[in-house]
Amino acid sequence: MRHTISHKARLKKALVKRRGIKNYHPTEQVAYRWFHIINRTLFEGKLQPVNIEVKKLRGCIGQLLIDWDGRLSRKGTCDQSKLPFHNPTFNYKIQLTHRYKTWRDFLETLAHEMVHQYQVEVVKDPYSNHNANFYA
C-alpha cells in the first residue's frame, strides 16, 4: 500500500527542508507550482488559476492585480465598492518580485497575495485590504 502524506504535512516539510535558502530567485514555474499547492492546502482548492509574473517590482515584493473592467487594477486604485460580483469573470494576476531574502519570504508573499484573491473571489470583499476578512 502506498503511503501518502497530507498536503499540510507536505507544506510543513517543505518549509523545514528549505529554511536555510537565502537570496532566493523564484521562477514563474515554481510560483505556479506553489500556487497550486497552497490553493489545495490552505484554500481547499477554491481559488481560480491566475497568471503569475515574476519581475523587478518597485515599492513592494508582491501584488494582486484584478481585471474586472478591462484594465488591470491594483487593489485600492479603483472604486472597488462597485465590483460586479454577479459577473464572476475576473481575471487575476499575481506579480512577485524577482528576488527574496529567503525562500520562506517568497512563499509567504505568494500566500499573502492569495489571501487577497480569496477576499475578492470567495468572500466578495470589495476592498480586499488588510481588514478583518484578511486576518480571518
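In which strand is the place of Asn23? Asn23 sits in strand β1, residues 22-24. Strands here are DSSP runs of E with at least two residues, helices are runs of H or I with at least four residues, and both are numbered from the N terminus. The model is predicted: local features need pLDDT of at least 70, side-chain atom pairs count only at pLDDT 80 or more, and totals for chains, interfaces and linings use all residues. Residues are numbered from 1 along each chain as its sequence is written, and side-chain values use heavy atoms, without hydrogens or water.

Asn23 is not a glycine, yet its phi is positive, about 50°. Asn23 is partly exposed, at a relative accessible area of 48%. Buried means under 20% relative accessible area, exposed over 50%, and partly exposed in between (1.4 Å probe, protein chains only). Glu44 also has a positive phi, near 55°, and is a residue other than glycine. Glu44 lies in the loop between α2 (28-42) and β2 (51-55). Glu44 is exposed, with a relative accessible area of 63%.

Helix α1 (residues 7-17) packs with helix α3 (residues 103-123). The angle is about 145°, and the axes are 9 Å apart. Axes are lines fitted to C-alpha atoms, for helices over the stretch in contact; angles run from 0 to 180 degrees between N-to-C directions. From α1, Leu11, Ala14 and Leu15 meet Trp103, Arg104 and Leu107 of α3. Contact means heavy atoms within 4.5 Å. By class, the contact of α1 with α3 has five nonpolar residues, one charged and no polar. Nonpolar covers Ala, Val, Leu, Ile, Met, Phe, Trp, Tyr, Cys and Pro; charged covers Asp, Glu, Lys and Arg; the others, Gly among them, are polar.
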